Amino acid sequence: VKYDSNATLTTPVFTNPYTAEGEAILAAKKADSGDIGTRTFEFVLTKPDGTKDTVTAGAGEEKNFGKLTYTLKDAGQSFTYYIHETDDDQAGVEYDTHTETIVVTVEDLGNGQLGVKYDGKESFTTPEFKNTYTANGEAILSAQKANSGDIGTTRTFEFILTKPDGTTDT
């Protein structure tokens with residue numbers, strides 16, 4: 001017996017490659033504190049490799065940083081991400097200085113898909129960053145009595161300033 005002109009049979013090898021993909025989406029939210037007006041604020045996502053993505057959001061807005069994609073080689077691993085707000089020195093704004101740390105764990109679901117967990121949970125909870133706005137100012141008030149000619153030059157007058165809290169100054 002001959003097999004393709006050979007005396008021995010070469011067993012055919014069939015390879016079935018397996019791949020799997022998955023994704024995660026991270027976001028940041030600017031709290032609507034009612035006093036920051038129409039200002040916008042920048043948020044930075046720092047990835048495990050040190051690269052950064054940014055988004056900008058106004059009061060009450062949630063913005064995502066786009067899809068983070070994973071392949072089969074990522075299965076069984078965890079990836080740490082950091083989200084913080086940048087301080088772009090807007091006058092009167094007190095910035096939220098906390099940094100949110102998110103650990104994304106990737107697992108092979110065995111069906112060509114990768115699942116992700118966010119800090120051990122099935123879903124991502126968007127961190128909220130709160131700012132406050134304050135404005136300070138001062139006013140100098142003065143009063144002057146107009147002389148219409150019939151009050152003379154020797155008379156004096158007293159003026160009383162009543163403040164919003166009810167106190168007075170003379």
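This is a predicted model: local features need pLDDT of at least 70, side-chain atom pairs count only at pLDDT 80 or more; totals for chains, interfaces and linings use all residues.
The structure holds 7 salt bridges, among them the pairs Lys 67 with Glu 23, Glu 128 with Lys 29, and Lys 47 with Asp 53.

In the salt bridge between Lys 67 and Glu 23, the closest N and O atoms are 3.8 Å apart. Lys 67 belongs to strand S4 (residues 62-71) and Glu 23 to strand S1, so this pair ties together parts that are 44 residues apart in sequence.

The N to O distance in the salt bridge between Glu 128 and Lys 29 is 3.8 Å. Glu 128 is partly exposed, with a relative accessible area of 35%, and Lys 29 is partly exposed at 27%.

For the salt bridge between Lys 47 and Asp 53, the N to O distance is 3.0 Å. Lys 47 has a relative accessible area of 22% and counts as partly exposed; Asp 53, at 23%, is likewise partly exposed.

Lys 30 is placed in strand S1. Its relative accessibility is 0%, so Lys 30 counts as buried, the limit for that class being under 20%. A polar atom of the Lys 30 side chain lies 3.3 Å from the backbone oxygen of Phe 129.

Two patches were identified on the surface, one negative and one nonpolar. Glu 42, Asp 87, Asp 88 and Asp 89 form the negative patch. Of these residues, Asp 87 sits in the loop between strand S5 (78-85) and strand S6 (93-94). Asp 87 has a relative accessible area of 54% and is therefore exposed, the class that requires over 50%.

The nonpolar patch consists of Val 1, Tyr 3 and Leu 9, which together have about 360 Å² of accessible area. Val 1 is located in the segment before strand S1 (21-30). With a relative accessibility of 86%, Val 1 counts as exposed.

Conventions: Residues are numbered from 1 along each chain as its sequence is written. Side-chain values use heavy atoms; hydrogens and water are left out. Patches are made of residues with over 30% relative accessible area and no salt bridge: like charges are joined within 9 Å, nonpolar side chains (Val, Leu, Ile, Met, Phe, Trp, Tyr) within 5 Å. Accessible areas come from the Shrake-Rupley method with a 1.4 Å probe; for residues, only the protein chains shown count as cover. A salt bridge is a side-chain nitrogen of Lys or Arg within 4 Å of a carboxyl oxygen of Asp or Glu. Helices (H or I, at least four residues) and strands (E, at least two) are DSSP runs, numbered from the N terminus. Buried means under 20% relative accessible area, exposed over 50%, partly exposed in between (1.4 Å probe, protein chains only). Lys and Arg count as positive and Asp and Glu as negative; His and the chain ends are not counted. The place of a charge is taken as NZ of Lys, CZ of Arg, CG of Asp or CD of Glu. A polar contact is a pair of N or O atoms within 3.5 Å; within protein, one must be able to donate a hydrogen and the other to accept it, and residues adjacent in sequence count only if both atoms are side-chain atoms.
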